[in-house]
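Q: I would like to go through this structure with you, one topic at a time. Could we begin with the backbone and then move to packing?

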Amino acid sequence: MNRWGKQVGAVLLAGSLLLGGVLVSDVVQGPQKAYADEVQRNVVSVVGKGELSIKPDIVYLSIAVDTTAATAQEAQKSNAAKISKITALLKDTWKIADKDIQSTQFYVQPNYSYTEKEGQKVKGYNANHTLMVAYRDLAKVGELLDAAASAGANNIGNVRFAVEDPSTLEAQVIEKAMSNAGVKAGAIAKAAGRTLGQVLTVSQNDGNTTPVYFEQNVKMMSTADSAAGTAVQPGEVKVSTQLSVMYELK
């Protein structure tokens, strides 16, 4: 073959390889894209919700003492005496374990007054000590709060009823959420003239099955202000979760 013939052959070979590359690309990418589009058109995504309403088995009580005095030392000393009395009451009379009594806040801070003549001046000090108490005899919560008030607690609130171990309910609430997702997806498939296929993906939206606490603020002044004791109703707590579920459509 002469030189001219070799050059022509090389050009034709290069053209064949280029053409082959384009054809291979079309063969590989075309079906993949078509398959992706097909999958996209044949799925349905829904959010399933599961919820349980149950009776609580524990209550968390915020019991605090606020004390005001002329000096920081006096405020702190007076506050400490009252908290000590309340803590002894909780442990000795109400048989509440050490692990169920926790100090969540303590501070001593000045109280200020202001006048145009004298400007800002310290007018006494305020001390606060707050205890978080876990208690399991829910029928006696009101009695416990009255006893704490009589012992010197003057800032009581944020009564939270809960389930102490919500993990025991996780499987139940997830099953309810999955069932709810299936009902929704089935209704959508039927309305579209399709049938529901297998589950493709599942994810838990909130990752949280912690109870939604019922909160009740209880403001205690003095048991002498009322002939009746404090009444606190536990009601029910809710455990909930959400699942995002993708189904195949047939």
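Q: In which element is Asn158 found?
A: This is a predicted model, and in it Asn158 belongs to strand E5.

Q: What is phi for Asn158?
A: Phi of Asn158 is near 55 degrees, which is a positive value in a residue other than glycine.

Q: And is Asn158 buried, partly exposed or exposed?
A: Asn158 has a relative accessibility of 37% and counts as partly exposed.

Q: What about phi of Lys95?
A: Lys95 is not a glycine, and its phi is positive, near 55 degrees. Lys95 sits in the loop between H2 and E3. With 67% relative accessibility, Lys95 counts as exposed, because the cut-off for that class is over 50%.

Q: Changing topic: how many aromatic pairs does a search of the whole structure find?
A: The search finds one aromatic pair. Its partners are Trp94 and Tyr135, with 6.1 Å centre to centre and 80 degrees between the planes.

Q: Is that stacked or edge-to-face?
A: The pair of Trp94 and Tyr135 is edge-to-face, because planes over 60 degrees apart fall in that class.

Q: Which parts does the pair tie together?
A: Trp94 lies in the loop between helix H2 (72-93) and strand E3 (101-115), while Tyr135 lies in strand E4 (residues 119-135), so the pair links parts that are 41 residues apart in sequence.

Q: On to the helices. How many residues of H3 are buried?
A: In helix H3 (residues 141-150), eight of the ten residues are buried, so the helix is largely enclosed by the rest of the structure. Among them are Val141, Leu144, Leu145 and Asp146.

Q: What do they pack against?
A: The buried residues of H3 pack against strand E2 (58-69), H2, E4 and strand E5 (155-162).

Q: What follows H3?
A: H3 is followed by Gly152, which has a positive phi, near 125 degrees.

Q: Which residues touch the most other members of the largest nonpolar core?
A: Leu61 and Val141 do, in a core of 32 residues. Elements giving two or more residues to this core are E2, H2, E4, H3, E5 and strand E8 (237-249). H3 provides the largest share, five residues.

Q: Which residues is Leu61 in contact with, leaving aside neighbours within four places in sequence?
A: Leu61 is in contact with Leu131, Met132, Val133, Val141, Leu144, Leu145 and Val159.

Q: What about contacts between residues 24 or more positions apart?
A: Those account for 83% of the contacts with a separation of 6 or more.

Note on methods:
Residues are numbered from 1 along each chain as its sequence is written. This is a predicted model: local features need pLDDT of at least 70, side-chain atom pairs count only at pLDDT 80 or more; totals for chains, interfaces and linings use all residues. Side-chain values use heavy atoms; hydrogens and water are left out. Rings of Phe, Tyr and Trp (its six-membered ring) pair if their centres lie within 6.5 Å; planes under 30 degrees apart count as stacked, over 60 as edge-to-face and the rest as tilted. Helices (H or I, at least four residues) and strands (E, at least two) are DSSP runs, numbered from the N terminus. Buried means under 20% relative accessible area, exposed over 50%, partly exposed in between (1.4 Å probe, protein chains only). Contact means heavy atoms within 4.5 Å. A nonpolar core is a set of buried Ala, Val, Leu, Ile, Met, Phe, Trp, Tyr and Cys residues joined through side-chain atoms within 4.5 Å.
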